Amino acid sequence: MGKGASLSESVVKKVLLSYAYVGIWIFLSFTVIVYNKYILDKKMYNWPFPISLTMIHMGFCSFLAFLLIKVFNFVEPVTMSREMYLSSVVPIGALYSLSLWFSNSAYIYLSVSFIQMLKALMPVAVYSIGVMFKKESFKTETMANMLSISFGVAIAAYGEARFDTWGVILQLSAVAFEATRLVLIQILLTSKGITLNPITSLYYVAPCCLVFLFVPWMVVEMPVLRDTSSFHFDWVIFGTNSFCAFALNLAVFLLVGKTSALTMNVAGVVKDWLLIAFSWSVIKDTVTTINLAGYGVAFLGVCYYNAAKLKALKAKETQKQPQQTDEESGKLLEERGEKSEQA
């Protein structure tokens with residue numbers, strides 16, 4: 001009785017902690033997206049400099065990651081040779097800088113709700129690029145699901161009241177760069193046995209992003225900022241915004257580390273619906289019936305994709321269990337054999 005009660009208590013505690021990690025991640029992700037929109041949108045804070053904002057984030061994250069690793073020894077740095085850094089981290093950093101730059105730029109032209117609808121294409125991009133790099137096997141059923149998601153997003157785009165071609169190009173490019181980055185992480189780092197948590201990831205990748213963003217910043221935004229004499233750097237706005245971005249990286253580490261990447265994908269679907277509702281009710285973005293119908297189709301496709309992933313993970317775990325049992329039985333027989341020989 002007491003053992004069963006303690007078991008149920010531990011399960012309840014684990015479930016509650018998982019919900020807490022999900023809640024923290026959704027809140028911080030929600031906050032960063034809305035905060036970036038507030039800063040970049042010409043109708044709100046009116047500071048339309050996405051490269052500069054991304055560089056501020058990367059500079060702040062680099063500084064904090066350096067303090068946590070080198071000064072406070074909060075996390076052990078990963079041993080990495082110069083050759084590995086150049087061949088693995090630099091390409092990932094380049095893609096990450098492009099992904100952040102383009103996704104932040106899209107907030108100037110598109111509504112928060114429509115951007116979330118376009119982000120539903122992320123599984124399509126990851127799967128397609130994974131097939132190209134031979135990290136995913138081509139399956140007709142999966143591709144049909146990817147096409148249904150794409151079809152839903154196309155309907156949502158058709159019904160968008162504030163459709164902006166340049167904004168859509170920017171957001172789709174951001175999705176493509178981010179998907180390629182995720183596949184490259186799997187190829188370049190995971191295959192070499194290197195695992196980076198968000199702090200070590202920022203320690204290595206954030207400075208790299210700063211370098212890659214510096215050149216387009218010099219050409220595109222620096223001349224405009226130099227001529228804008230009325231602008232004064234607001235430490236409160238940009239400081240809290242950067243801190244939220246850093247906290248979001250830690251929340252990702254907590255969520256994926258304590259639950260799974262699949263849990264984050266499912267939580268992302270919930271977050272997207274909350275952002276669409278917030279965008280419509282608070283920011284007063286126009287969300288049409290066709291918008292919602294299209295995103296509903298894409299949403300069902302993403303749900304099916306997540307369910308298929310969960311099924312595959314469970315099948316993989318089921319296959320592992322008999323193997324572990326066989327190994328344990330083999331070890332037990334070996335131990336018994338050794339004991340009988342000694343006797």
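**Ground rules.** I number residues from 1 along each chain as its sequence is written, and I use heavy atoms for side-chain values, leaving out hydrogens and water. Because this is a predicted model, local features need pLDDT of at least 70 and side-chain atom pairs count only at pLDDT 80 or more, while totals for chains, interfaces and linings use all residues.

**Entry 1: helix α1.** I took helices as DSSP runs of H or I with at least four residues, and strands as runs of E with at least two, numbered from the N terminus. I looked up K37 in α1, which covers residues 2–40. Is K37 buried or exposed? K37 is buried, because its relative accessible area is 1%. For this I call a residue buried under 20% relative accessible area, exposed over 50%, and partly exposed in between, with a 1.4 Å probe and protein chains only.

Next I checked the side chain of K37. One of its polar atoms lies 2.9 Å from the backbone oxygen of L110. A polar contact here is a pair of N or O atoms within 3.5 Å; within protein, one must be able to donate a hydrogen and the other to accept it, and residues adjacent in sequence count only if both atoms are side-chain atoms. Leaving out residues up to four places away in sequence, K37 touches M44, Y107, L110, S111 and V112. Contact means heavy atoms within 4.5 Å.

S29 is also in α1. It counts as buried because its relative accessibility is 5%. With residues up to four places away in sequence left out, S29 touches L248 and K271.

**Entry 2: two loop asparagines.** I found N46 in the loop between α1 and α2 (50–71). Its phi is positive, about 60 degrees, although N46 is not a glycine. At 43% relative accessibility, N46 is partly exposed. N73 sits in the loop between α2 and α3 (82–109). Phi of N73 is also positive, near 50 degrees, and N73 is not a glycine. N73 is exposed, at 54% relative accessible area.

**Entry 3: helix α3.** I compared length with span. The 28 residues of α3 should span 40 Å at 1.5 Å a residue, and the end C-alpha atoms are 40 Å apart, so the two agree. The expected span is 1.5 Å times one less than the number of residues. Where does α3 kink? The kink is at V89, about 35 degrees, shortly before the proline P91. I took the bend as the angle between axes fitted to the seven residues ending at a position and the seven starting there.

**Entry 4: cysteines.** I counted 0 disulfides, taking a disulfide as a pair of cysteine sulfur atoms within 2.5 Å. C61 is in none; its nearest cysteine sulfur is that of C209, 9.7 Å away. C61 is buried at 1% relative accessibility. C303 is partly exposed at 31%.

**Entry 5: cores.** A nonpolar core is a set of buried Ala, Val, Leu, Ile, Met, Phe, Trp, Tyr and Cys residues joined through side-chain atoms within 4.5 Å. The largest has 47 residues, and I39, W47, F114 and M117 touch the most other members. Helix α1 gives the most to this core, with 6 residues. Another core lies apart from it, with 25 residues, including M58, Y96, L188 and A206.
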